[in-house]
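Q: I've got this one open on my screen now. Let's go through it together, shall we start with some terms?

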Amino acid sequence: MDPLTWTGSLGSILVPAITITAAVFVAGIILQLVMGLFAPEVKLQANPDGTLQGRGGLLGRLEIYNGWLFLLLVALIAAFVVLSWFMPYGEAGILGEMSKRFLPVWIALIVTFALSITFKRKLGLYGKLFDSTIGMIGFGLVMFWVFTAIFVGLFDMIGTHDPLQQISGLKNKTPGEPVPEPDTMFPHYLLGGDNLARDIFTRMVEGSVIVMVIAPLATLFAFMVGITLGLPAGYYGGKLDTVLSFLANLILAFPVILLFYLLVTPEIVATGLPNFLAAFLFVFPLIFFGVLINSRYRSQPSKNTMLLAIVLIPLAVLYLSVVSEQGSPLFVWPNALDLISIPGGILVVFVSVVFVNSPTVFRIVRGLALDIKTRDYVAAAQTRGEGTWYIMLWEILPNARGPLIVDFCLRIGYTTILLGTLGFFGLGLPPESPDWGSTINEGRKLLLIYAHPALPPAIALLSLVLGLNLLADGLREESLKD
Amino acid sequence: MGLFILRRLGVMILTALCLTFIVFWLTNLYPNLEKLAKTQGNFRMSDEQVETYLGNRGYTQSLPVKYGQWLGVLPGYVIEGTDGDTRARCENHGAPTEDTPTFCGILQGEWGFSTVFKEDVGGIVATRLGLTGKLMFWVMMVMVPGALIIGVLAGMREGSRTDRSLSSISILSTATPEYVSGVILIAVFATPLFGMQYFKGTATSAMDDATFNNFFLPVITIALYGMGYIARMTRASMTEVMTAQYIRTARLKGVSFPNIVMKHALRNALIAPFTVIMLQFPWLLNGVVIVETLFNYKGFGWTLVQAASNNDIELLLGVSVVSVFVVLITQLISDIGYVFLNPRIRIS
């Protein structure tokens, strides 16, 4: 087998085309930026036929050309992706083969976008997202990794090799290197081999699973903690607020990395501190849902009890099986009933990420509650004699959802960054774990000699976080419009 | 105003005490002390030997007592050990002499002794802080003007193409954590991979002699991540000012657009970013730790990693005292500065 080139036979036409288009586009954008500083302001002129005419002149035309160039660029890249699906193995180069490996993801993305754009008027805020280019790009990037994580994690599809398999002779080999026995396995290491001769491409896509499981869940937990504590702090104010705010500021004043080092070292894990912290932090969802249901259905006892039982019993079982772990100081739940056992490293990472994130959420929720509690509908609920928890959870919280959803997106991105930071310092997760932080950490040690192992996970992490930020930006823009 | 500063100072000291106590507690948990004893003594110590080793050196006293001694409000221990030697905290676990002071803690300026570097913590922290100060100075020189220019240009005309392109750039920069941008920048500009080997990938030589060649990459790596956030805040503040009544008045009077931006809007628009820049320091501290590790620049952040991974208790405490104070003081400055800069609050 020959080594693969980057673009194969497609490259000779498409690569120069993409390069030229991209260069012209960037030059156009810069020219437009410079001209924008000196150009006169936008003046709308009424045409004789009653329509309005926007900015004309050189700048206006430049803007239109740039728009077309951008579309052309997207079309060229899409052409590259699509053409490579129909080419025989090896013809489309490394990029083409990767695009082929991601085929299920592309199909899922196309289906999602087609369905969403068709029904966008019926889908509320989610549908409105498809009105903004920024929001669509962000959503596309995020969904790309979500689908990748699903197909890798559940169906074991995209990866080419085993993420831990070492093939001798492929140590630190550059992208496109053929494997020694191409008949028994995928014939190339698409993105080369790492320091331990493992396939970088497979490790990158496997890493998305870990990130996609931990980051949204940890953010959700941080939100539960932040909401359960932030609403009363903002609503009641007074001593409770002072104490809780002081504690939140205390955690926020800690340099995050110092906190991680203090919480995640093996010695501290041996004392069981993270387990206690987990036991404390994981109670909040239980409290949250308990109070949420109870405050709503208090006046209908039979329905209340039933709903509480339906929601709380599974949650409690889940809670006990997560918190109780054999060998840790908190071993309270028999193994026979233990539904899930989280590996110690992941639990520690999860807990410390939740712990770092919740004070910020607390401050946001508190600020929103302070603002919303002066509204008329809250006063109306108070006059009706509703309970305070009802007002907080069913009057204030739904009306704070806009900023909270936007912050949720941003915070998943931030959590991803934090997970990467933990991996970068080799804390928590085992060293052979394929998550992006750990692989960047592995790669950076030999960065000046072999740069290729560190780049794919870095770019993957960047694209996911960028997607989440753009998504949040699009959501914010669209939710402000009405 | 005086009362406000006093109250803030009070809260600050309370926070600092709580935080250092937490660090003290976590580093003094028994498994950590056991590791310390084994690395300092020898690795084959039995549990009893560890116990006596720690007991002779005052580590088994109760936590508040140890904390008080470290702080310098309780007299340092003098223990006659089971092995016959008398050890005193104020003599670095050595035999006490006539001039051994009774108190030796942070308040007396005794920061303790680093077990990793075999040096006084005070000296280590001072030299490392100096190195990091150099890095931070250049980061600020790049980051603050860059962020303000981007933010002001974007916020000048809200919704324009300029605004949208610059906002996208700032989103991109906030989405790139230091360990990603650092790795990408090194791979592109410091390795032959892309044929653009213009800079050096390590900053070790920059500790003595910082040149553009060896210092540019670490500086730009930290600056990029903070830049986007400050730029977005500046943009938000600028768009708010540009819709204010007095700007409209100035426009109606026929003042030219550059004049409006430079003379009327800019001053008011820069109040909010000041607070943000000050509050950015704790984040920069994070960035410093990552970048110093990545570029092997042996400054404050690198020291933190060394102290934390080797459980060097006193060095770690010294580092956390400094970093906690940096965070709290910048918060204080941002609060006070905001009051001074904003005439509406100052007069009321």
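A: A crossing is left-handed if the near helix is turned anticlockwise from the far one by less than a right angle, and right-handed if clockwise. Helices here are DSSP runs (H or I, at least four residues; strands are E, at least two), numbered from the N terminus. Keep in mind that this is a predicted model, where local features need pLDDT of at least 70 and side-chain atom pairs pLDDT 80 or more, while totals for chains, interfaces and linings use all residues. Residues count from 1 along each chain as its sequence is written, with chains lettered from A and ligands numbered from 1 in the order written.

Q: OK, what's the hand of the crossing of helix 7 of chain A and helix 12 of chain A?
A: Left-handed. Helix 7 (residues 200-236) and helix 12 (residues 283-297) of chain A have axes 9 Å apart and pack at about 55°. Axes are lines fitted to C-alpha atoms over the stretch in contact, and angles run from 0 to 180 degrees between N-to-C directions. Helix 7 and helix 12 of chain A are therefore oblique to each other (under 35 degrees is roughly parallel, over 145 roughly antiparallel, 65 to 115 roughly perpendicular, the rest oblique).

Q: Which residues make that contact?
A: From helix 7 of chain A, it's A:Phe221, A:Met224, A:Val225, A:Ile227 and A:Thr228, and from helix 12 of chain A, A:Phe284, A:Pro285, A:Ile287 and A:Phe288. Contact means C-beta atoms, placed from the backbone, within 7 Å. By class, helix 7 with helix 12 of chain A gives eight nonpolar, one polar and no charged residues. Nonpolar is Ala, Val, Leu, Ile, Met, Phe, Trp, Tyr, Cys and Pro, charged is Asp, Glu, Lys and Arg, and the others, Gly among them, are polar.

Q: And how do helix 17 and helix 18 of chain A cross?
A: That crossing is right-handed. The axes of helix 17 (residues 401-424) and helix 18 (residues 436-444) of chain A come within 7 Å and cross at roughly 40°, which makes helix 17 of chain A oblique to helix 18 of chain A. Residues that meet include A:Leu419 and A:Phe424 in helix 17 of chain A, and A:Trp436 and A:Ile440 in helix 18 of chain A. That contact has five nonpolar, six polar and no charged residues.

Q: How do helix 1 and helix 14 of chain B pack?
A: At an angle of about 155°, with axes 10 Å apart, and that makes helix 1 of chain B roughly antiparallel to helix 14 of chain B. The crossing of helix 1 and helix 14 of chain B is right-handed. Among the residues that meet are B:Met12, B:Leu19 and B:Phe24 in helix 1 of chain B, with B:Leu317, B:Val324 and B:Leu332 in helix 14 of chain B. The classes there are 15 nonpolar, four polar and two charged.

Q: Last one: how many residues of chain B are in contact with chain A?
A: 43, against 40 residues of chain A. Helices of chain B that each supply at least two residues to that side include helix 1 (2-27), helix 2 (30-40) and helix 14 (313-341). The side of chain B that touches chain A has 29 nonpolar, twelve polar and two charged residues.

How values were computed: Two residues are in contact if their C-beta atoms, placed from the backbone, lie within 7 Å.
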